[in-house]
Amino acid sequence: MKVTIYTDGAARGNPEGPGGYGTILHYVDGNGKLHERELSGGYIRTTNNRMELMAVIAGLEALNRPCEVQIVSDSKYVTDAFNKHWIDGWLKKGWKGASGPVKNVDLWKRLLEAAKPHRLTFTWVKGHDGHPENERCDRLATSAADGGNLQTDPGV
């Protein structure tokens, strides 16, 4: 089955939070019917890069069978890590990057675990450029940031 996951994290301009993340899954079932599922990460206190990773993880963990997954994100941090083979390099170097230890290793490892049964491709879209799915994810992430209870980063 082919699934497209649209993700967004909203840091609300403050690297210490508050913020939220949103994920929208699009897929076609065996009968040719289009489905859409929206997930919201709620109101959390963390960094934007962590929220972007959590949005991808939430989408992958919501899948209950192996799929061909296209992840659409406005995060260069997330898409470049896969498309420029940073992940492969990080694994070979023991989670060390060119400028020292890789940040967010806990989430990268969780993302890789969630990705195991799937075939992934990552597509970057420029945020706030009118791309309808990206704009919907941004609204969902902003809504998550504006509602719910304040939490510290749960390490997702």
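Visitor: Where is the place of Ala81?

Guide: This is a predicted model. In it, Ala81 sits in helix 2, which covers residues 76–83.

Visitor: Is Ala81 buried or exposed?

Guide: Buried means under 20% relative accessible area. Ala81 counts as buried because its relative accessibility is 0%.

Visitor: Which residues does Ala81 touch?

Guide: Residues up to four places away in sequence are not counted here. With those set aside, Ala81 touches Lys76, Trp86, Ile87, Trp90 and Trp108. One of these, Trp108, is 27 residues from Ala81 along the chain, and the two C-alpha atoms are separated by 9.7 Å.

Visitor: How should I read a nonpolar core, and which residues have the most contacts inside the largest one?

Guide: In soluble globular proteins, nonpolar side chains tend to be buried together. Here the largest nonpolar core has 33 residues, and those with the most contacts inside it are Ile5, Leu60, Leu63, Trp108 and Leu111. Several elements give two or more residues to this core, among them strand 1 (2–10), strand 2 (20–28), helix 1 (48–61) and strand 5 (68–73). Helix 2, helix 3 (86–92) and helix 4 (105–115) are also on that list. Helix 1 provides the largest share, seven residues.

Visitor: What does Ile5 touch?

Guide: Not counting residues up to four places away in sequence, Ile5 touches Thr23, Ile24, Leu25, Gly59, Leu60, Leu63, Val69, Gln70, Ile71 and Val72. There is also a second, separate core of six residues, which includes Tyr6, Ile24, Val72 and Leu140.

Visitor: Which residues does UniProt list for "binding site"?

Guide: An annotation of this kind comes from a record and may be inferred rather than shown by experiment. The unreviewed UniProt entry lists Asp8 and Asp138 under "binding site". They are spread over 131 residues of sequence, yet they cluster in space, with a largest C-alpha distance of 5.6 Å.

Visitor: Where does Asp8 lie, and what is in contact with Asp8?

Guide: Asp8 lies in strand 1. Its relative accessibility is 1%, so Asp8 counts as buried. Leaving aside neighbours within four places in sequence, Asp8 is in contact with Gly20, Tyr21, Gly22, Glu52, Ala55, Asp74, Asn134, Cys137, Asp138 and Ala141.

Visitor: Why does Asp138 count as buried?

Guide: Asp138 has a relative accessibility of 16%, and therefore counts as buried. Asp138 is placed in helix 5, residues 132–146. With neighbours within four places in sequence left aside, Asp138 is in contact with Asp8 and His128.

Visitor: What is the nearest side chain of opposite charge to Asp138?

Guide: A salt bridge needs a side-chain nitrogen of Lys or Arg within 4 Å of a carboxyl oxygen of Asp or Glu. For Asp138, the nearest side chain of opposite charge is Arg139, at 7.1 Å. Asp138 is buried yet has no salt bridge.

Visitor: What is the phi of Trp95, and where is Trp95?

Guide: Trp95 has a positive phi of about 65 degrees, although it is not a glycine. Trp95 is in the loop between helix 3 and strand 6 (96–97). Trp95 counts as buried because its relative accessibility is 12%.

Visitor: In which loop is Asn104 found?

Guide: Asn104 is in the loop between strand 7 (100–101) and helix 4. Asn104 has a positive phi of about 65 degrees and is not a glycine. With a relative accessible area of 14%, Asn104 is buried.

Technical notes
Residues numbered from 1 in each chain as written. Predicted model: local features only at pLDDT ≥ 70, side-chain atom pairs only at ≥ 80, totals over all residues. Heavy atoms only, no water. Helix = DSSP H or I, 4+ residues; strand = E, 2+ residues; numbered from the N terminus. Buried < 20%, exposed > 50% of the residue type's maximum accessible area, 1.4 Å probe, protein only. Contact = heavy atoms within 4.5 Å. Core = buried A, V, L, I, M, F, W, Y, C linked by side-chain atoms within 4.5 Å. Lys, Arg positive; Asp, Glu negative; His and termini not counted.
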